[in-house]
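Reader: I've got a new model open and I'd like to learn how to read it. Can you walk me through it?

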Amino acid sequence: WLHTLFFGSGIAHAVLTFALVITIGILLGKVKIGGISLGITWILFVGIVLSHFGMTVDGEVRHFVQEFGLILFVFSIGLQVGPGFFASFKHGGMTLVMCAVAIVLLGVATAYVVHLATGTPIPTMVGILSGAVTNTPGLGAAQQAFSDLHAGADAPDIATGYALAYPLGVIGAILTLLALRYLLRIDVREEAAGLGTDVLKDLTTRRISVEICNSAVEGKNISGIRRLALRDFVVSRICRPGEAPELADAATTLRCGDRILLVAAPKDAEALVVLLGREVDAGPMMQDRKMISRRILIPKPEQNGKTLAELRIRSTSGVTITRINRSGIDLVAAGNLQLQLGDRVTVVGPELSVAHAERLFGNSLKRLNHPNLIPIFIGIALGVVLGSISFWIPGVPQPVKLGLAGDPLIVAILIGRYDPHYRLITYTTMSANLMLREVGISLFLAGVGLGAGEDFVPTLVAGGYVWIAYGAVITIVPLLLAGLFGRFYYKLNYYTLIGVLSGASTNPPALA
């Protein structure tokens with residue numbers, strides 16, 4: 001009974017094997033040598049060891065668990081980054097894309113140089129390349145292309161080269177990221193502090209106090225000035241000469257000598273100051289005890305997707321919304337901005353009015369603890385369907401698919417960005433998102449390890465250790481060169497840089 005349970009087949013055996021691989025791998029991941037730990041990457045090696053000694057899992061079951069884990073991992077990441085993804089792309093995203101393209105091209109070039117220098121057959125080199133950059137869809141595409149070009153024949157060296165290069169592809173990428181940290185003399189605390197001012201530096205808001213000095217805006221209301229400036233901004237308070245600060249709205253008229261407290265994106269702030277007058281000290285307006293500022297959570301599903309103009313907060317509760325925090329990014333509270341479940345809105349007004357606004361919005365974290373699973377599984381289904389569609393590239397003999405990792409990630413980003421437009425609720429708490437992500441990457445690594453273990457040692461003993469060395473070169477050289485270039489030429493933040501390196505080498509363990 002015990003032998004069948006540990007070395008047999010069936011669902012109980014598969015569940016037990018995956019559970020043991022993941023448990024032992026996570027425990028080993030807590031061990032640090034020289035202050036360095038490989039973390040959950042140990043799951044991969046535990047899978048190889050157990051598989052080598054006979055604890056294998058049926059191929060179809062293993063492949064399903066492996067791919068489903070990968071889908072959970074990338075989909076969770078997509079949902080998290082979706083709200084700020086396109087805005088990030090506008091502010092430095094093209095630089096990151098160019099770095100990623102450079103890494104891909106350097107990997108191909110390095111593999112071809114190794115082929116010329118050693119005479120290793122191209123099919124084998126393609127397998128080693130796929131393993132070195134941990135690219136399972138690349139392996140599948142290479143096998144299919146070889147089969148079609150050679151009348152259905154298989155090239156076992158492609159898969160074997162992949163299996164041998166993959167473990168060091170994972171470790172090599174992680175060690176390269178750590179090596180960059182020491183080569184570049186990175187102060188991680190300084191980099192963490194500067195992370196918000198790197199790629200996302202224009203995605204926050206700035207609060208400035210301005211005295212109206214421009215006669216051209218005399219007598220115009222805030223709504224008209226917003227159309228004139230062609231920029232989004234919010235005026236939270238206005239102080240007339242000799243009077244106490246009061247709330248402002250779109251119909252408030254501005255006159256020379258008035259002082260206003262406005263919130264705008266950093267890139268718009270200077271232009272608005274030039275248009276309106278001059279920047280002054282905001283102290284007097286901020287010291288008014290009658291006006292308070294408070295952040296309120298959006299927990300009600302019925303508010304998801306509604307614009308601020310539709311809610312008419314100013315007329316119903318007597319407060320002004322100045323900005324909205326979404327996924328850690330502050331957005332200017334423009335009237336056409338759609339609310340999303342989990343947003344945190346900053347309201348300004350008298351204390352009683354703010355309390356009324358809290359009751360209106362709900363402001364209850366408990367409501368958000370219940371996960372919304374339907375949009376998540378709809379998104380996964382759409383990702384799988386789109387990932388199975390083939391498209392042709394001129395000059396390439398085989399159709400290309402984005403696969404089960406690419407399209408779920410893209411769909412998740414799109415859902416995270418556009419779900420308010422279609423009144424979808426995809427909000428999950430950070431802890432729930434992290435749980436899905438960790439379960440997914442653990443299942444994926446366990447599946448890869450269990451699949452590579454049977455042929456790993458025999459091929460290694462027969463001379464495959466040379467392939468491991470080739471894979472190490474293909475892994476390390478492009479990442480090292482691109483990392484140094486990105487740091488010195490583009491001045492990228494270290495954390496942004498290693499995120500790009502992990503993504504361009506399709507390395508979920510390095511990202512984790």
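Reader: Let's start with E279: is it buried or exposed, or something in between?

Author: The general idea is relative accessible area: buried means under 20%, exposed over 50%, and partly exposed in between (1.4 Å probe, protein chains only). E279 has 43% relative accessibility, so it counts as partly exposed. Keep in mind that this is a predicted model, where local features need pLDDT of at least 70 and side-chain atom pairs count only at pLDDT 80 or more, while totals for chains, interfaces and linings use all residues. Residues are numbered from 1 along each chain as its sequence is written, and side-chain values use heavy atoms, with hydrogens and water left out.

Reader: Which side chain does E279 meet in a salt bridge?

Author: A salt bridge here is a side-chain nitrogen of Lys or Arg within 4 Å of a carboxyl oxygen of Asp or Glu. E279 pairs with R206 at 3.4 Å, N to O. R206 sits in strand β1 (residues 206-212) and E279 in strand β5 (residues 277-280), so the bridge ties together parts 73 residues apart in sequence. Helices (H or I, at least four residues) and strands (E, at least two) are DSSP runs, numbered from the N terminus. R206, at 35% relative accessibility, counts as partly exposed.

Reader: How many salt bridges are there by this rule?

Author: The count comes to eight. One of them joins R487 and E191 at 3.0 Å, N to O. That pair links distant parts of the chain, 296 residues apart: R487 is in helix α17 (residues 430-488) and E191 in helix α8 (residues 188-194). R487 and E191 are both buried.

Reader: And what about R259 and E211?

Author: Their side chains meet in a salt bridge too, at 3.6 Å, N to O. R259 lies in strand β4 (residues 259-264) and E211 in strand β1, so parts 48 residues apart in sequence get tied together. At 15% relative accessibility E211 counts as buried, while R259, at 30%, counts as partly exposed. Shared partners join E211, R259 and R278 into one network of salt bridges.

Reader: How do I read a sheet, then? What is the order of the strands in the open sheet of four?

Author: Two strands pair if DSSP finds at least two bridges between them. Here the order is β6-β9-β7-β8, with antiparallel pairing. β6 (291-297) and β8 (329-332) stand at the edges with a single partner strand each, so one side of each has no neighbour in the sheet. Inside the sheet, five bridges join β7 (residues 320-326) to β9 (residues 344-350), and I324 stands opposite V345 in β9.
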